[in-house]
Amino acid sequence: MEVGIVAQKGNNRAAFLAEDLRDRLREADVPVAVDEATADALDLDGVPVSAMDRVDLVVSIGGDGTFLFAARGAGGVPILGVNLGEVGFLNAVSPDDAVDAVLAEVDAFRGEGMRVREAPRLAAACDGWRSEPAANEVVVQGTRRGRGGGVGYEVRVGGSLYSSGHADGVLVATPTGSTAYNLSEGGPLVHPRVDGLVVTEMCADAGMPPLLVGPDAAVSVTLTDADEAVVITDGRGQRTLDVPAEVTVATTEPPVRIAGPSADFFEALGKLQ
């Protein structure tokens, strides 16, 4: 078994915990790969985050943003999140419990196997182009938001028209992502045990309420009345499109696989207030 460690960049506490965890794992004869940024902080040899799909367990140390960053490179490898942030929907393990939690997963791997939970990922597609997978949301929007910006749109679910008009954009979120950008745009909270995708129009002139659709639904957004638009995945990857264009958003493989204990969804919600 090999464990990969991805720590929040520029966070000394995360780097120190990564170093302690690395030492404890090596004492247990477990090979460890550390991401390049963390390795630089600790004066070690590191690997790109994109190489984390070659290990057996990835440990993310930081907040939900660090978890999403690790998930981009992990592919289908299980991820255990250690929470150094304030909310921690994805990171259920406290720093004090991190070493024991990771060693417990090592023991499980060597025994009957790790128990993991799966969360969906999304991808956008347009004219032969396909986005990187997103664990939280895909946003399709005009190149500029606000007065004088935005884009004309039609939203279809499974080919049927749901809404149309003019808006800053349209956001499609997973249950995991419902607590992130979706929430700030007025979308609903979705419990992680609920299967579905949320469609939320962003500052629409006259739109429909947010819509929860089935997990296998294909959401298409047809864009008009602008020169260009952008597709953004999890706030990182961005693609500029010529308008008119049609973007289809749907679930994609592999799902995010989450190891370790489950976070208390309602306790984490309390930290949003």
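**Close-up views of a predicted model**

**View 1. Strand E7 and its two neighbours.** In E14, Val-139 has Ile-232 as its bridge partner, in a model that is predicted rather than determined by experiment. The two strands concerned, E7 and E14 (residues 228-233), run antiparallel and are joined by 5 bridges. E7 also pairs with strand E10 (residues 169-173), again in the antiparallel sense and over 5 bridges, and within this pairing Val-138 stands opposite Val-172 of E10. Because 6 of the 6 residues of E7 (residues 137-142) are buried, this strand is largely enclosed by the rest of the structure.

**View 2. The contact between domain 1 and domain 2.** The domain assignment divides the chain into domain 1 (3-114) and domain 2 (121-253), whose centres, taken over C-alpha atoms, are separated by 31 Å. To their contact, domain 1 gives 9 residues and domain 2 gives 10 residues. Between them the domains bury about 760 Å², of which 49% lies on carbon and sulfur atoms; on the side of domain 1, Leu-68, Arg-72 and Phe-89 supply 68% of the area buried against domain 2, more than any other three residues.

**View 3. A salt bridge between the domains.** The count between domain 1 and domain 2 is 1 salt bridge. The side chains of Arg-72 and Glu-132 meet in a salt bridge, with 2.0 Å from N to O.

**View 4. An aromatic pair.** The count of aromatic pairs comes to 1, formed by Phe-265 and Phe-266 in an edge-to-face arrangement, at 5.3 Å centre to centre and with 80° between the planes. Phe-265 is buried, with a relative accessible area of 11%, whereas Phe-266 counts as exposed at 58% relative accessibility.

Terms used. Residues numbered from 1 in each chain as written. Predicted model: local features only at pLDDT ≥ 70, side-chain atom pairs only at ≥ 80, totals over all residues. Heavy atoms only, no water. Buried < 20%, exposed > 50% of the residue type's maximum accessible area, 1.4 Å probe, protein only. Helix = DSSP H or I, 4+ residues; strand = E, 2+ residues; numbered from the N terminus. Pairing = 2+ DSSP bridges. Phe/Tyr/Trp six-rings, centres within 6.5 Å; stacked < 30°, edge-to-face > 60°. Domains from an automatic or database assignment. Contact = heavy atoms within 4.5 Å. Buried area = accessible area lost by both parts, 1.4 Å probe. Salt bridge = Lys/Arg side-chain N within 4 Å of Asp/Glu carboxyl O.
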